[in-house]
Amino acid sequence: MLILMKSGATPVEVEAVARFVLEAGFRVDKSNGSGPVMFSIHGGSTELDVKRAKGLPGVARIASIKTAYKLSSREFKPADTVVAVGNVKIGAGQKLAVIAGPCSFESSAQALEVARAVKQAGVQLMRGGIYKPRTSPFSFQGLRDKGVGLLAELKRETGLGFVTEAVDERSFDLLEEHADMIQIGARNMQNFELLRRAGRSRKPVLLKRGMSATLEELLMAADYILAGGNEQVVLCERGIKTFASHTRNTLDLSAVPVIKHMSHLPVIVDPSHGTGYARYVPAMALAAAACGADGIMIEVHNDPKHALSDGAQALDLAAFGALVPRIEAVATAAR
Ligand code: PEP
Ligand code: MN
């Protein structure tokens, strides 16, 4: 059970509610995010007197949620969440959002060339890694601090919205001002301090599914962000580790309808990391549009053969341009 306090609840009111629950014999955990205070109630040998609890000053809502994930659940919020990123709305009832760009921004010239091409293809949101979580410390790590200024430059030149990844609290601080959406990648899905930092932000967050995470774990990770008071969360299926080695990861497209059943949050699909090979990306992008994804994130490079990261899975500019109208046709047909 959750007790949600009003955003204007005073410390005395918060304290009184905690005391009421403890005296009734329950254990209580208080969220320590930056949003309104929430109590999660556990244990107890009898039912909590909900009627009395509801009447306590400062209490906004009492929600009995049976699943382990709470704030991200449909039970908690039946209506679909729609997240606004730049000029684009992502979520149920909206046009399928396409986010495209290189795995990494490598230089101003490379970023600008890809930005102009994706804009030409009709896309309004661009991706590009500045801080890159790489498996090996000897692989390209992104432009890092000296790449942050690119966001303002690209935005000025193209008017696109930008999605880029924060790998820790420090990079989050640096990217927050200029990014339109901050990505938390698969490797950081359970970096709880980073999730808390995202919860304190009011920027939309793209939370990618960890490579061995269940959907329950993904939604509990989203709860960290929501508990901080940031309701602008979009989930991303990007493939999971399985015994299969014909693709880089196994793209679990069934996650899309299942997440939509479990949660009110929008969900997008990343067929680039999901397959690892450019030749399979179009088929899985179309499949994502067909199975009800709210968006698709695709890696696109002006020169995939010489990309500093993930070249094998990047579409070249022409292949991407040819794919966009096909994605739109499938999304329209699947509505
Ligand atoms: C990425 O989107 O660049 C990325 C690193 O993805 P993931 O976290 O899904 O591996
Ligand atoms: Mn990548």
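Which backbone oxygen lies 3.1 Å from a polar atom of the side chain of Arg 127? It is the backbone oxygen of Pro 102. Welcome to a short tour of a predicted model, in which local features need pLDDT of at least 70, side-chain atom pairs count only at pLDDT 80 or more, and totals for chains, interfaces and linings use all residues. Residues are numbered from 1 along each chain as its sequence is written, chains are lettered from A and ligands numbered from 1 in the order in which they are written, and side-chain values use heavy atoms, with hydrogens and water left out.

**The chain as a whole**

- You will find 11 helices and 14 strands in the chain; helices (H or I, at least four residues) and strands (E, at least two) are DSSP runs, numbered from the N terminus.
- Along the principal axes, the C-alpha atoms fill a box of roughly 65 × 40 × 35 Å.
- Of the 335 residues, 53% count as buried. Buried means under 20% relative accessible area, exposed over 50%, and partly exposed in between (1.4 Å probe, protein chains only).

**Around Arg 127**

- Arg 127 belongs to strand S8, which covers residues 125-127.
- With a relative accessible area of 4%, Arg 127 is buried.

**Salt bridges**

- The model has 16 salt bridges, each a side-chain nitrogen of Lys or Arg within 4 Å of a carboxyl oxygen of Asp or Glu.
- One of them joins Glu 157 to Arg 116, at 3.3 Å from N to O. Glu 157 sits in helix H4 (residues 150-158) and Arg 116 in helix H3 (residues 108-120), so this pair ties together parts that are 41 residues apart in sequence.
- Both partners are partly exposed: Glu 157 has 43% relative accessibility, and Arg 116 has 46%.
- Asp 80 and Arg 74 meet in another salt bridge, at 2.6 Å from N to O. Asp 80 is partly exposed at 33%, and Arg 74 is partly exposed at 22%.
- In the salt bridge of Lys 66 with Glu 75, the closest N and O atoms are 3.9 Å apart. Here Lys 66 is exposed at 71%, while Glu 75 is partly exposed at 39%.
- A network of salt bridges links Asp 173, Glu 176 and Arg 197.

Key:
Polar contact = N/O pair within 3.5 Å; in protein donor to acceptor, adjacent residues only side chain to side chain.
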